[in-house]
Amino acid sequence: MKTETTIHGLAASLQSARSAKKIIGFVPTMGNLHEGHLSLVREAKKICDVVVVSIFVNPTQFGPNEDFENYPRTWEQDSQLLVDVGCDIIFAPSVEQMYVKQPVVTRIQVTGITDILCGASRPGHFDGVALVVTKLFNIVQPHYAFFGQKDFQQVAVVKQFVQDLNLNVEVIASPTIRAEDGLALSSRNGYLNAQERAIAPNIYQSLLQAAQALQAGTALAEVLHGIKEHLKRVGFSIDYVEAFTPDLTPIQSTDTDVVLFVAAKLGTTRLIDNLHVKLITA
Ligand code: AMP
């Protein structure tokens, strides 16, 4: 496995693969890798000849009071995990390499679907994501790029600007990988103390209960209220508990595909999760 820290170095490393018409797969990450990230690399390995994983904690997607400085940076551990999973190239640029001139004045902004959920509670977050992913796509020029459904809205944003900007990459979304107790794996889980970690699986448990209630015919508003009350009772402060269609449009009474979304805080740690529920109609 090679590690490249510059755009030129990466281009040189990929040159022979490109001229041999090899299929290039790309997994963008912010590092502190866990099974969720590794599952994306494994998916990439299935259909690509060369897999590039980027590790870049992107400052433009963090708000001023968010955890950019404290975000876990675990280089040694990450590179060992990537060797083990068969990654071919790590791209780990510095902030200066990615953003030559700061402040950055160019925006890639997806409107509409970023007005809700994390877009509403983290202003500018998806502009930062769209900018860095566009830059990374231009730098890596992959055939396929792999993202996790855990960040459901992020996948929708990426698919939208890929289509709108005619970017020559196919975006593939993979299921959320969870701990045994159901907690969606996340680099931010490491912020939780033992007591918070014990409470955290309530998010997924409440989503599963909600799915059952919806399938049994309980009204959506009541189900969402039930999740909120449950999570508050066990110690969360709620950011949002909402439902949208898989296209992130409001639910109509005839919709049978519902995605439930939760963002909630335990102490200062913000956790997100979602569950796609298919309603069986009579
Ligand atoms: P991050 O390092 O948090 O930016 O995540 C990099 C990629 O890994 C994104 O596409 C995430 O959606 C994905 N990812 C993070 N956690 C999980 C998980 N638990 N299951 C599946 N994919 C994940």
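**Salt bridges and domains**

Author: By the rule used here, the count comes to nine salt bridges, a salt bridge being a side-chain nitrogen of Lys or Arg within 4 Å of a carboxyl oxygen of Asp or Glu. This is a predicted model, where local features need pLDDT of at least 70 and side-chain atom pairs count only at pLDDT 80 or more, while totals for chains, interfaces and linings use all residues. Residues are numbered from 1 along each chain as its sequence is written, and side-chain values use heavy atoms, with hydrogens and water left out.

Reader: OK, what does Glu66 pair with?

Author: Glu66 meets Arg122 in a salt bridge, 2.5 Å from N to O. Glu66 lies in the loop between β3 and α3 and Arg122 in the loop between α5 and α6 (125–140), so the pair ties together parts that are 56 residues apart in sequence. Helices (H or I, at least four residues) and strands (E, at least two) are DSSP runs, numbered from the N terminus.

Reader: Switching topic: which domains does the chain have?

Author: The assignment gives domain 1 (2–174) and domain 2 (187–275); such bounds come from an automatic or database domain assignment. Their centres, taken over C-alpha atoms, are 26 Å apart. Domain 1 puts 21 residues into the contact and domain 2 puts in 15, with contact meaning heavy atoms within 4.5 Å.

Reader: And how much area is buried between them?

Author: About 1,500 Å², with carbon and sulfur atoms giving 60% of that. Buried area is the accessible area (1.4 Å probe) that two parts lose on being put together, summed over both. On the domain 1 side, Leu117, Lys150 and Phe152 supply 39% of the area buried against domain 2, more than any other three residues.

Reader: How many salt bridges cross that interface?

Author: The rule finds one across the interface of domain 1 and domain 2. As for a pair to look at, the side chains of Asp67 and Arg188 meet in a salt bridge at 2.9 Å, N to O.
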